[in-house]
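Hi,

Here is the structure I promised to pass on. Have a look at it first, and then read on for what turned up when I went through it.

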Amino acid sequence: MDSAVLFILFFSSMFLSIQAFQANCLILKCGDGAPDIRFPFRLSGRQPHHCGRPAFELSCKDNTTMIRFPSYGELVVKSISYDVRKLHLLDPKNCVHQVFLNLNLSHTPFRYYYVIKNYTYLNCSTRLPPSFSEVTCLSDSRHHVYTVESSLVLPESCRPVKTVAIPFSYSPYLADNSFGLGLTWSSPGSDEDCEAKGGQCKLQTGYSTTKPEKGFPIKYLNLGDISSKFLMVLLCILAVVLLISIKMYHSKKVDMQLENENLLEVLRCYKAQENM
């Protein structure tokens with residue numbers, strides 16, 4: 001009896017632990033001081049797919065939170081402000097204008113947090129006057145790169161490389177190389193309703209992660225979800241234990257009846273021998 005009960009309780013506790021982890025979508029972080037990772041973001045490989053939206057996958061690298069963009073590569077996630085939906089990023093190569101030049105957000109749920117304006121990147125064979133600020137991290141002895149307003153008449157020694165909509169042109173006075181590298185994201189109304197309840201959000205199970213961004217229903221989780229599961233499993237455990245107890249009780253009762261009948265039969269035989 002004891003071993004059977006312990007066996008049932010052990011596997012039931014394992015089931016509850018797995019269910020609670022998957023249902024709760026626990027808040028994780030890559031290290032001390034790293035941002036909290038929760039819906040709509042998820043930590044790839046450590047949180048189930050329903051804990052975040054597609055294209056919101058993060059990863060850990062040397063206790064640093066990273067996000068990957070197909071058009072550029074990995075960027076460091078310095079902070080995530082969920083209330084204003086701001087993703088503050090750092091370029092591990094320390095060249096924010098290289099990010100501006102190559103990052104394509106058109107096929108992602110993200111956009112620049114700050115107001116953007118069209119700027120043209122110039123590649124010049126000679127240095128321009130001091131009124132132009134050279135992008136040092138993109139330049140070398142033979143190529144001098146500048147960012148200018150698109151309406152500017154091009155100098156003869158320069159050719160346009162690319163015109164992009166970015167938050168600001170290059171300035172040598174911006175010591176923080178991450179300035180302007182802030183992104184925001186758009187969320188469907190269901191996300192806002194879920195977050196307003198103060199609980200945890202996740203994608204409803206049964207939906208393919210290849211569906212469009214707006215096609216994902218959101219489920220709000222609270223303690224009642226876990227409590228109901230726990231109660232159901234507990235009732236199942238009690239039912240099994242009760243059935244085993246009843247079976248063992250009847251089995252013992254039958255054994256006792258047989259034992260009493262055998263004892264009576266022995267006593268009859270003994271008395272019969274005495275009378276003879």
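Predicted model: local features only at pLDDT ≥ 70, side-chain atom pairs only at ≥ 80, totals over all residues.

The protein chain has 276 residues, and 34% of them count as buried. You will find four helices and 12 strands in it. If you take the contacts in the chain with a separation of 6 or more, 60% of them come from residues 24 or more positions apart.

Now the sheet. Seven strands make up an open sheet with mixed pairing, and their order is S1-S2-S3-S4-S5-S10-S6. At the edges sit strand S1 (42-43) and strand S6 (110-112), each of which pairs on one side only. As a reminder, strands of a sheet pair through backbone hydrogen bonds, either parallel or antiparallel.

Strand S2 (residues 57-61) pairs with strand S3 (residues 64-69) in the antiparallel sense, over four bridges. Within that pair, Lys61 has Thr64 in S3 as its bridge partner, and Leu58 stands opposite Ile67 in S3. The two strands form a hairpin with two residues between them, and Asp62 in the turn has a positive phi of about 55°. On we go to strand S4 (residues 73-81): S3 and S4 run antiparallel and are joined by four bridges. Here Phe69 stands opposite Gly73 in S4, and the hairpin from S3 to S4 goes through three residues.

While you are in S3, click on Thr65, which has its place in that strand. Is Thr65 buried or exposed? Thr65 is buried, because its relative accessible area is 1%, and the cut-off for buried is under 20%. Leaving aside neighbours within four places in sequence, Thr65 is in contact with several residues, including Leu58 and Ser59, Leu75, Val76 and Val77, and also Cys30, Ala34, Pro35 and Ile37.

Next, the inside. In soluble globular proteins, nonpolar side chains tend to be buried together. The largest nonpolar core here has 36 residues, and those touching the most other members are Phe41, Ile67, Phe69, Leu87, Leu89 and Phe110. Two or more residues each come from S3, S4, strand S5 (86-90), helix H2 (96-102), S6, S7, strand S9 (158-166) and strand S10 (182-185). H2 gives the most, with four residues. Apart from this core lies another one, of six residues, among them Cys124, Leu128, Tyr146 and Val148.

What does Phe41 touch, leaving aside its neighbours within four places in sequence? Its contacts are Gln47, Cys51, Gly52, Phe56, Leu58, Ile80, Tyr82, Leu87, Phe110 and Trp185.

Last, a spot on the outside. Val84, Tyr113 and Tyr114 form a nonpolar patch on the surface, and together they have about 250 Å² of accessible area. Tyr113 lies in the loop between S6 and strand S7 (117-124). With a relative accessible area of 35%, Tyr113 counts as partly exposed, because that class runs between the 20% and 50% cut-offs.

That's the tour. Happy browsing!

Key:
Residues numbered from 1 in each chain as written. Heavy atoms only, no water. Buried < 20%, exposed > 50% of the residue type's maximum accessible area, 1.4 Å probe, protein only. Contact = heavy atoms within 4.5 Å. Pairing = 2+ DSSP bridges. Patch = residues over 30% accessible without salt bridge, like charges linked within 9 Å, V, L, I, M, F, W, Y side chains within 5 Å. Areas by Shrake-Rupley, 256 points an atom, 1.4 Å probe, with all protein chains shown as cover. Salt bridge = Lys/Arg side-chain N within 4 Å of Asp/Glu carboxyl O. Core = buried A, V, L, I, M, F, W, Y, C linked by side-chain atoms within 4.5 Å.
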